[in-house]
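This report looks at charged side chains that pair with one another. Please keep the sequence and the model in view while reading.

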Amino acid sequence: QLVESGGGLVQTGGSLRLSCIASGRTLHSYNMGWFRQAPGKEREFVANIAWNGRSTYYGDLVKGRFTISRDKAKNALYLQMNNLKPDDTAVYYCAAASTLGTLEHLYSYWGQGTQVTVSS
């Protein structure tokens, strides 16, 4: 089970750090990703990180503002979000995949999501 936390309400230009903790399953061998879904829109890729932490990849809309990281000791995944914009408002999901990629169908395990709201 994956459980996200850290969402909330923040003003434009602010920062949030999302966390994703796994219970009952180790994340060490999984590639991990963050996705988001805004109201009325399809879920979209945000960022991913390889199982060994040596490779990261970001969607164009968040590149340079968001940073994905993982902590094996804590069995956790993080998303540091800086310079937030109203368009970043969405439910953010963490997910685990055996194959690294940006497509949803690659990810087998998903959290329930955490709401991020950025006010203008």
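## Salt bridges in the model

A search of the whole structure finds five salt bridges, a salt bridge being a side-chain nitrogen of Lys or Arg within 4 Å of a carboxyl oxygen of Asp or Glu. This is a predicted model, in which local features need pLDDT of at least 70 and side-chain atom pairs count only at pLDDT 80 or more, while totals for chains, interfaces and linings use all residues. Residues are numbered from 1 along each chain as its sequence is written, and side-chain values use heavy atoms, with hydrogens and water left out.

## Glu104 and Arg43

Glu104 and Arg43 form a salt bridge with N to O at 3.1 Å. The two residues are 61 residues apart, with Glu104 in the loop between strand E9 (90-97) and strand E10 (107-110) and Arg43 in the loop between strand E4 (31-37) and strand E5 (44-49); strands are DSSP runs of at least two residues, labelled E and numbered from the N terminus.

Glu104 is partly exposed at 31% relative accessibility, and Arg43 is partly exposed at 26%. Here buried means under 20% relative accessible area, exposed over 50%, and partly exposed in between (1.4 Å probe, protein chains only).

## A joined network

Asp88 pairs with Arg65, their closest N and O atoms being 2.7 Å apart. Asp88 is buried at 2%, and Arg65 is buried at 10%. Salt bridges that share partners join Arg36, Glu44, Arg65 and Asp88 into one network.

Arg36 is buried at 4% relative accessibility, whereas Glu44 is partly exposed at 30%.

Terms used:
Helix = DSSP H or I, 4+ residues; strand = E, 2+ residues; numbered from the N terminus.
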